[in-house]
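Me: Could you go through this structure with me? I'd like to take it a piece at a time.
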Amino acid sequence: MSEDLRASDEDRHRVVDALQRHTEAGRLTLGEFTERVDSAYAARTLAELSAVTRDLPAEPVTTPAAPDTGRRDLLVIFAIAAAALVLLLVFMGLTR
């Protein structure tokens, strides 16, 4: 992709999000963050936009998170509770 291409609003938002993450990691001060955000929103081309983050390390590529295991955990807890209830009912039946 040529850096002479015009930057889109989505391109600018992506850079601002990256700047926020770099600020949270301590790589930028709040003043630097503000200056770079202003530059990002004023950038007209991808070259101007990439200059805003040129001196920052590339962000690691994140892999999708593992599927949520909350439902499975809930089923395991329910199964344990049901088994405990059955054992309690059997115990109560035997002791009468």
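Me: Which residues does Leu56 touch, leaving aside those up to four places away in sequence?
Reply: This is a predicted model, and in it Leu56 touches Leu19, His22, Arg27, Leu28 and Arg36.

Me: Is Leu56 buried or exposed?
Reply: Leu56 counts as buried, because its relative accessible area is 13%, and the cut-off for buried is under 20%.

Me: On to helix 2, then: which of its residues are buried?
Reply: The buried residues there are Arg36, Val37 and Ala40. Seen down the axis of helix 2, they fall within an arc of 105°, so they line one face of the helix. These buried residues pack against helix 1 (9-24) and helix 3, whereas Glu35, Asp38 and Ala42 are exposed on the other side of helix 2.

Me: What span should helix 2 have, and what does the model give?
Reply: At 1.5 Å a residue, the 13 residues of helix 2 (residues 30-42) should span 18 Å, and the end C-alpha atoms are 18 Å apart, which agrees.

Me: Changing topic, which residues form the nonpolar patch on the surface?
Reply: That patch is formed by Leu85, Leu88, Leu89, Phe91 and Met92, with about 510 Å² of accessible area together. Phe91, one of these residues, lies in helix 4 (residues 70-95), and Phe91 counts as exposed because its relative accessibility is 54%.

Definitions and conventions:
Residues are numbered from 1 along each chain as its sequence is written. This is a predicted model: local features need pLDDT of at least 70, side-chain atom pairs count only at pLDDT 80 or more; totals for chains, interfaces and linings use all residues. Side-chain values use heavy atoms; hydrogens and water are left out. Patches are made of residues with over 30% relative accessible area and no salt bridge: like charges are joined within 9 Å, nonpolar side chains (Val, Leu, Ile, Met, Phe, Trp, Tyr) within 5 Å. Accessible areas come from the Shrake-Rupley method with a 1.4 Å probe; for residues, only the protein chains shown count as cover. A salt bridge is a side-chain nitrogen of Lys or Arg within 4 Å of a carboxyl oxygen of Asp or Glu. Helices (H or I, at least four residues) and strands (E, at least two) are DSSP runs, numbered from the N terminus. Buried means under 20% relative accessible area, exposed over 50%, partly exposed in between (1.4 Å probe, protein chains only). Contact means heavy atoms within 4.5 Å. The expected span of a helix is 1.5 Å times one less than its number of residues. The arc is that of the directions from the helix axis to the C-beta atoms.
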